[in-house]
Amino acid sequence: MLLTRFISKNCIADSLKAKTKPKALKELTDLLFQEGMLDEIGPALEQLVLRESTESTGIGHGLAIPHARVAGLKNLVCAVGRCRAGLDFKALDRRPVHLIFLICYPPSQQTTYINFLATLASLLRDEDRMQAVLRADTAGEIFEILERTSEALLEPEDRWPKEAEVHSKLPKTKASHADLILLARLELCTEIVESGGPDSDEISRRIENIRALVDPSILQHYDQLKKRGGPAVVAVEADTCQGCFRQLPSQLAQLARSGRNEIHTCSYCSRFIYSV
């Protein structure tokens with residue numbers, strides 16, 4: 001996914017003024033509002049703060065991804081903030097956060113949101129790419145780096161290595177995080193074809209490539225979920241599955257947030273769940 005489809009150059013703060021997490025959330029939300037990406041600040045900021053009160057979205061290695069579902073939005077939008085000195089975000093690894101990607105998305109674009117998260121996590125867990133963004137002189141340079149590097153991930157099925165074996169049966173199946181990325185990509189491509197979007201033939205080719213890479217037992221479960229209707233891969237927000245809107249057992253919610261080499265499914269609706 002091309003990240004810069006959802007990030008405006010004017011929504012990149014290359015030097016955040018905020019010195020605390022709440023002020024950083026407010027500064028980046030204000031930026032989206034000033035650029036006309038949000039109609040109002042209140043609902044988005046309220047959801048962002050609520051998510052942070054559940055658990056920090058500082059996922060480690062200097063990166064934070066605060067996010068909120070906002071009714072009334074037409075498309076996913078993202079503001080980027082950089083703090084070279086570091087910001088205390090109560091991150092999972094207890095280290096300062098240097099890059100913040102604040103995401104707001106409409107409930108109807110959950111698949112887009114998951115693919116955006118997956119691309120972002122894949123991109124910035126590479127230390128060289130992370131350092132390139134931190135060293136950039138201007139917001140324009142940050143934009144160009146994000147565009148160039150995410151463009152290389154437009155077809156992750158061609159580039160994402162398999163990392164772990166599959167064990168046991170679903171819903172307790174373990175697999176590499178790569179399979180979850182591929183499933184999210186598969187769902188997005190399927191939606192494009194079903195909507196009659198451009199380049200349907202090319203997208204159909206990608207679908208076949210992705211399906212050939214996903215473990216057969218996982219793919220079988222995915223197909224069963226799609227026959228039921230609705231999304232097969234859903235987000236977890238505030239420990240709640242966004243497929244069936246039931247609160248997950250606390251241990252499963254924690255595993256979904258921290259397990260980078262496993263695929264987890266909802267205890268109630270059996271959908272694949274994704275969280276950061």
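The model is predicted, with local features needing pLDDT of at least 70 and side-chain atom pairs counting only at pLDDT 80 or more, while totals for chains, interfaces and linings use all residues. Residues are numbered from 1 along each chain as its sequence is written, and side-chain values use heavy atoms, with hydrogens and water left out.

Me: Why is glutamate 147 called partly exposed?

Reply: Buried means under 20% relative accessible area and exposed over 50%, with partly exposed in between (1.4 Å probe, protein chains only). Glutamate 147 has 32% relative accessibility and therefore counts as partly exposed; its place is in helix α5, residues 139-151.

Me: How do you know that β9 pairs with strand β10?

Reply: Two strands pair if DSSP finds at least two bridges between them, strands being DSSP runs (E, at least two residues) and helices likewise (H or I, at least four). Two bridges join β9 to β10 (residues 272-274), and the two run antiparallel; threonine 265 has phenylalanine 272 in β10 as its bridge partner.

Me: What makes β8 and β9 edge strands?

Reply: The open, mixed sheet has the order β8-β7-β10-β9. β8 (240-241) and β9 (264-265) each have a single partner strand, so one side of each is left without a neighbour in the sheet.
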